[in-house]
Amino acid sequence: MKYNSVEKNEKLNKKKRVTVVCAITSAVFVLIVFGVLVLSAAMPDREKSESENRVLKQFPSITLSGIFDGTFMKNFETYFNDQFPFRDSLIAFKSGFERTLGKTQENGVYIGKDNFLFEEQAKVESRKLGELTDAVSKFSASHKKLKKAFILSPNSSDILPDKLPAKLKLEDRSKAFSTVKKALSSFSWVDCKAIFEKQKNKEDLFYRTDHHWTTRAAYLTFKNLAAQWKLDVKDKNYSFYTVSDSFCGTLSSTAAVNDSADRIEICVPKKQEGKYTVLYESSGRKTASLFEKDKLSQKNQYEVFLGGNYDKVIISTAAETTASLLVFKDSYANCLLPMLTPYFSKIVVIDPRYFSDSLKGIMEENQFSHILFLYNMNTFLADTSLAATLAS
């Protein structure tokens, strides 16, 4: 009997302990939920996440139809996730913890060696690439008398495979570069891949935290283009200035990795300082500089070049020449454009991703002497707008 009594007491004590633990756990859970709700109500909603570089969902409007068809709850869930208290810190903590466990990819970004981050490579699709080069060739054939050049920059993963995560093998896209070069034989071809291979151990050609090339890489490319177009370029006529040493680019934001920061330089032609105007046609805004220094106070500091991406920008210079240039580009071109200003009286810059006007009208209104296409390989392979722009 004594044994049964002891056993019974132990069972009762165990049950009490379980009850206490459950009560404490429930209380902590309720406190956490209540605390999150209080913080969510007390903290003002943010319009944008600087670390993720995107606009955040705002509180959805309440309608009867939205409540009954479920769209309100769906939008509210997105809103709550976006406005969750200390969201950025929690994301950074999660990313750091996962990396200590050996994770080498986060939100499509490869976390490489020496603090290098790499975006996923766009896949080479032969049919799509052929259609795109055919569209460019057809446009070229319609403007035979103009000097034309094509710049197709490799991405950091093409040039720095030794910095990729261990055991990660990406596609060798050398054949794709050769295919584009062969298909566009009517263009002056700037072989960035060969140039960068020779220079990669001497200069920083790509940012560690961002998908763009550096201004030094753009300058190497520009000098090769200038040689082919017979532009008189001397190094002494260009000045480099460091405008930031705290740049954490879009890859850093996407992967929530902030282990290092990059330096941003601008390259300024000495003879053209303050001697051109920049018109952003859609808004009608005019400036006297291709550099937007106020952008250095925001997360995406790369927008110091041209202020970002726009459908059409017109640069009018004081260059003593009748030469004029039409540029089709992605964001890689933004840091190279200032280098061209001493050699053209007018530069019209079109980003097909945002352009919806008629190219035919632009060609008729302007007497261009030169045409430049400037893309990076990832953007070019994924392009869905250039062909339509060239045909407009």
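Trainee: Taking buried as under 20% relative accessible area, exposed as over 50% and partly exposed as in between (1.4 Å probe, protein chains only), which residues of helix H7 are buried?

Mentor: This is a predicted model, in which local features need pLDDT of at least 70 and side-chain atom pairs count only at pLDDT 80 or more, while totals for chains, interfaces and linings use all residues. Residues are numbered from 1 along each chain as its sequence is written, and side-chain values use heavy atoms, leaving out hydrogens and water. In H7, residues 174–183, the buried ones are Ala176, Phe177 and Val180. Helices (H or I, at least four residues) and strands (E, at least two) are DSSP runs, numbered from the N terminus.

Trainee: Why are they on the same side of H7?

Mentor: Their arc around the axis, taken from the directions from the helix axis to the C-beta atoms, is only 100 degrees, which puts them on the same side of H7. Lys175 and Lys182, on the other side, are exposed.

Trainee: And what do the buried residues of H7 pack against?

Mentor: They pack against helices H5 (126–141), H6 (156–159), H8 (192–199) and H13 (377–381), together with strands E6 (147–153) and E7 (188–190); contact means heavy atoms within 4.5 Å.

Trainee: Turning to the largest nonpolar core, which residues touch the most other members?

Mentor: Of its 60 residues, these are Phe196, Trp213, Phe222, Phe305, Leu340, Phe344 and Leu372. Such a core is a set of buried Ala, Val, Leu, Ile, Met, Phe, Trp, Tyr and Cys residues joined through side-chain atoms within 4.5 Å. Helix H9 (residues 215–229) supplies the largest share, 8 residues. Apart from this core lies another, of 31 residues, among them Ala176, Leu132, Phe373 and Tyr375.
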